Amino acid sequence: MTYPGSDFLLARRLLLAGASAFFALPALANLGPELFTGTLAKFQLAKESKPLPELAFNDADDKPLTLADYKGKIVLLNFWATWCGPCVKEMPSLDRLQAAMGKDKFVVLPLSLDGPSRPKVAPFYADKKLSHLGVYFDKGRKAMQALGVSILPTSILVDAEGRELGRLEGEADWEKPEALALMKGAIG
């Protein structure tokens with residue numbers, strides 16, 4: 001019996017490994033590469049489907065929350081600050097994304113890294129007319145550190161079970177068709 005050449009076997013292994021990694025994230029299994037263009041060209045799918053660490057943050061009233069409070073919903077976790085130019089530019093499109101998607105199965109969680117400048121966040125929301133987003137703070141930047149975020153803005157897409165589906169480092173226009181399709185595909 002003859003065996004295919006080593007190039008064939010290597011290509012087959014790579015194809016099977018890539019397919020299994022892609023389908024390990026069932027919420028994105030039906031999405032094609034055409035979505036990761038334009039504003040989402042920098043979106044990186046997670047290499048493995050594993051639960052995120054327990055993330056604690058506070059709302060505008062200093063009420064403690066965790067990511068587990070949003071279990072059952074697709075979450076777009078966005079790390080931003082009022083002093084970050086690209087973040088400021090991106091926030092209105094996140095607000096419109098939340099408006100377009102509703103809050104039944106999907107939520108944008110914009111975690112502000114404004115520490116000493118925290119009093120600037122509410123006026124910023126008012127000035128930009130951000131009426132569909134909640135105000136949340138990553139106190140001590142603990143969530144940011146736990147997720148290895150080093151660039152602002154960074155958006156992390158989380159499935160309904162609390163697993164990272166992928167992330168985008170840098171700004172995006174979240175109201176573009178490919179972004180809406182990605183969120184709808186993650187919902188299923």
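Q: Which loop holds Pro153?
A: This model is predicted: local features need pLDDT of at least 70, side-chain atom pairs count only at pLDDT 80 or more, and totals for chains, interfaces and linings use all residues. Numbering starts from 1 along each chain as its sequence is written, and side-chain values use heavy atoms, leaving out hydrogens and water. Helices (H or I, at least four residues) and strands (E, at least two) are DSSP runs, numbered from the N terminus. Pro153 is in the loop between α4 (142-146) and β7 (154-158).

Q: Is the peptide bond from Leu152 to Pro153 cis or trans?
A: Omega is near -15 degrees.

Q: Is α2 parallel or oblique to α5?
A: The axes (lines fitted to C-alpha atoms over the stretch in contact, angles from 0 to 180 degrees between N-to-C directions) of α2 (residues 85-101) and α5 (residues 177-187) come within 11 Å and cross at roughly 45 degrees. Under 35 degrees is roughly parallel, over 145 roughly antiparallel, 65 to 115 roughly perpendicular, and the rest oblique. So α2 is oblique to α5.

Q: Which residues of α2 and α5 make the contact?
A: Contact means heavy atoms within 4.5 Å. From α5 come Leu180, Met183, Lys184 and Ile187. From α2 come Leu97, Ala100 and Met101.

Q: What is the phi of Lys129?
A: Lys129 lies in the loop between α3 (121-128) and β6 (136-137). Its phi is positive, in a residue other than glycine, and near 60 degrees.
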